[in-house]
Number of protein chains: 2
Amino acid sequence: MEKRKGLHKQVRLKDIANKTGYSINTVSHALRGIDDIGEETRNLILKTAQELGYVQNSIAKSMRLGYTKTIAVIIGDISNPHFAIITKEIETTANKKGYSVFLLNTNEDEEQEMSAIRSTIEHGVDGIILCPVQKTTRNIHYLKKTGIPFVLIGRYFPDMKDIHYTICNDKKGGYLATEYLIKHGHKKILMLSGPTHISSSKERLEGYRAALEDYGIEFDESRIIFVPVTEMDCSKVLPQDGYTAIFAFSDLIAWNAWKVLRKRGKSVPGDVSIIGFDHIQSRLSLPYCLCSISTYKAKMSITSVEMLINLIDGMKNIENIIIDTDIAEGETVSFVCSQSE
Amino acid sequence: MEKRKGLHKQVRLKDIANKTGYSINTVSHALRGIDDIGEETRNLILKTAQELGYVQNSIAKSMRLGYTKTIAVIIGDISNPHFAIITKEIETTANKKGYSVFLLNTNEDEEQEMSAIRSTIEHGVDGIILCPVQKTTRNIHYLKKTGIPFVLIGRYFPDMKDIHYTICNDKKGGYLATEYLIKHGHKKILMLSGPTHISSSKERLEGYRAALEDYGIEFDESRIIFVPVTEMDCSKVLPQDGYTAIFAFSDLIAWNAWKVLRKRGKSVPGDVSIIGFDHIQSRLSLPYCLCSISTYKAKMSITSVEMLINLIDGMKNIENIIIDTDIAEGETVSFVCSQSE
DNA sequence: TTGTAAGCGTTATCAA
DNA sequence: TTGATAACGCTTACAA
């Protein structure tokens, strides 16, 4: 033991066996509460384990049993509140079900996503919850090939079958947001979109277009602005004028746009109305209340864990889940009549 | 293999050995790049491993070697942006150094902290980075007893020796914040404090008192309001009047106070100036800029990982680190002369 | 340059 | 009710 660097001594079943005079097997059974052990024997073993400060060695157990009771959560960036909230719910739920979670960030980069996937498989996780980068389908095909159970969260591949996912109704969300602005009299609505290789971004954009169409508003390509999803900075891409409202792909982008508008001396919603997506403020108390789209992150997270564990347990015919989206009203949308057209 | 539920087939060294006709040992050496293997042999083995989709089994490796190349990050709540930013930096740094991270939340509860500690030790993590709950010292004594390398982050136990930590200069931060308000003419400064069993909270409060004293302002017990750190809601405890400025334990509390003040029809900083702590907005772009105290979270996180890995590697005489704090100016502090006294 | 065998700590199988 | 032994996949020491 002591020969290996940085290793702290661990009490083993063998140590308890030696001390009590029973065999390793007996100790193992006693500790696991298998009732083929005598009352007194069990008590002595339990007491000795306690005294020696025994903690079971999950590594050895995993080695023997073939599972680790761990799952991996692979997301874009834990410092993004949206991912942080989701991860919190996943960890809590997984924990309740006896699983520990590995956390890995992709930074929306395919190579990092691949090495995250490889790393977690090497560590023997029983399953993976992944918010995919989606620049290509390479990593997903790799995941499929390995055979490890996995569930996508928040994003999916519409064209790929046999892949499990929990997403929110992004198209409906995009529609609701746009409709809400339209009903407040807005016609020139700027969309601050994420990249379209991300399914949620693509579908929110589809919702936006569908709403415009339903309300007879002409679609104008120049009103779609793409914001780099890793930087969330639209100071350079936000047009000076030509719109009375903004629908942003995420609350983070919405906040940033709001900030940029303020710096330019524009008032929100006086000059420009803003609606975001994710409704992060349901979890984060901020002084100013951004109008947004609720995505029920807790439900999405809990569902994804349940799906994954069902997969791990070998369940078949697991249905993918699409969580509802709703308007979350705020103070950043007003009627266009009060605005400078 | 197939007999165990939920297990996906894994390619083993043995499979490569069988396929190529070499021994497990030879395969192992070839894959690890040990240069006692013939050129052709190595190439064949590498190619076969590739074809078969081999990924190494870290569990088995850990079993043999005694380490797992994993560390645990145990914090209050990952959905708190402060913890999320720290965790992001830790994960990135750990990753660069070849470690994967387990994430566990304590919810500031001692029992959850204990079970998090036990769980990670069971899973054989090589070390732990912990932001301790601090209601008692029980869990820390337990950690000490196990002998596992660990580093505290953000909070520490001033009375305990031989415990490693990375914290920020909370007392200086508290002093700077209070002084900043005083220099803006404020004398009636409300402190929205966290619980004093948390060292950072206690020291920020000490900084507050020290600044008052240095500037000859009488300390008034009734101006210390304790806010539950898990809820961050001060709507019920925030006094209606009797102060012109607020120094909040964290940005989250500051934001919440700001929100409550707005609801009450007070303007910030017109009626009340506010300064927070953590300067979360260095990472999160928000429209309104809260005055705060910078805590250099990246540096703190990176340092904590480096310390931990040094501990794991058996290094002695590791020094604890206290990261500097600074004023981060914002738009929530104004001179008192412009305020209603 | 390659192969054999032991061992890491646990659980399962089978025997006593 | 208890004990002995094999096995999980890998690395290391040593033998060929």
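User: Leaving aside its neighbours within four places in sequence, which residues is Val101(B) in contact with?

Analyst: A word of caution comes before the details: this is a predicted model. Val101(B) is in contact with residues of both chains. From chain A come Phe102(A) and Leu103(A). From chain B come Thr70(B), Ile71(B), Val73(B), Ile90(B), Glu91(B) and Ala94(B). Neighbours within four places in sequence are left aside here.

Now place Val101(B) in its wider setting. The largest nonpolar core holds 84 residues. Val101(B) is among the four that touch the most other members, along with Ile74(A), Val101(A) and Ile74(B).

Next, the contact between the chains. In total, 61 residues of chain B are in contact with 62 residues of chain A. Several elements of chain B each supply at least two residues of the side that touches chain A. They are H4, helix H5 (81–96), strand E2 (100–105), helix H6 (110–122), helix H7 (138–146) and helix H10 (251–263). H5(B) gives the largest share of that side, seven residues. By class, the side has 24 nonpolar, 23 polar and 14 charged residues.

How do the two chains relate?

Ser119(A) sits in helix H6 of chain A, residues 110–122. Ser119(A) counts as buried because it has 22 C-beta neighbours inside 10 Å. Not counting residues up to four places away in sequence, Ser119(A) touches Leu104(A) and Ser100(B). Tyr215(A) is another matter: 96 residues separate it from Ser119(A) along the chain, and their C-alpha atoms are 49 Å apart.

Now step back to chain A as a whole. Chain A has 11 helices and 12 strands. Its radius of gyration is 26 Å, well over the 20 Å that the globule rule gives for 341 residues, so chain A is more spread out than a compact globule. Along its principal axes, the C-alpha trace of chain A spans about 90 × 40 × 35 Å. Buried residues make up 48% of the 341 residues in chain A. Take the contacts in chain A with a separation of 6 or more: residues 24 or more positions apart account for 69% of them.

Last, the DNA. There are 25 residues around DNA strand C, and Leu13(A), Ala60(A), Ser23(B), Asn25(B) and Gly38(B) come nearest. H4(A) supplies the largest share of this surface, five residues. There are also 25 residues around DNA strand D. Here Ser23(A), Thr26(A), Arg12(B), Leu13(B) and Ala60(B) come nearest. The largest share of the surface near DNA strand D, five residues, comes from H4(B). By class, the surface near DNA strand C has nine nonpolar, nine polar and seven charged residues. The surface near DNA strand D has nine nonpolar, nine polar and seven charged residues.

Definitions and conventions
Residues are numbered from 1 along each chain as its sequence is written. Chains are lettered from A and ligands numbered from 1 in the order in which they are written. This is a predicted model: local features need pLDDT of at least 70, side-chain atom pairs count only at pLDDT 80 or more; totals for chains, interfaces and linings use all residues. A residue is near a molecule or strand if its C-beta atom, placed from the backbone, lies within 6 Å of it. Helices (H or I, at least four residues) and strands (E, at least two) are DSSP runs, numbered from the N terminus. Ala, Val, Leu, Ile, Met, Phe, Trp, Tyr, Cys and Pro count as nonpolar, Asp, Glu, Lys and Arg as charged, and the others, Gly among them, as polar. The radius of gyration is taken over C-alpha atoms; the globule rule is 2.2 Å times the number of residues to the power 0.38. A residue is buried if 20 or more other C-beta atoms lie within 10 Å of its own, exposed if 12 or fewer, and partly exposed in between; C-beta atoms are placed from the backbone. Two residues are in contact if their C-beta atoms, placed from the backbone, lie within 7 Å. A nonpolar core is a set of buried Ala, Val, Leu, Ile, Met, Phe, Trp, Tyr and Cys residues joined through C-beta atoms within 7 Å.
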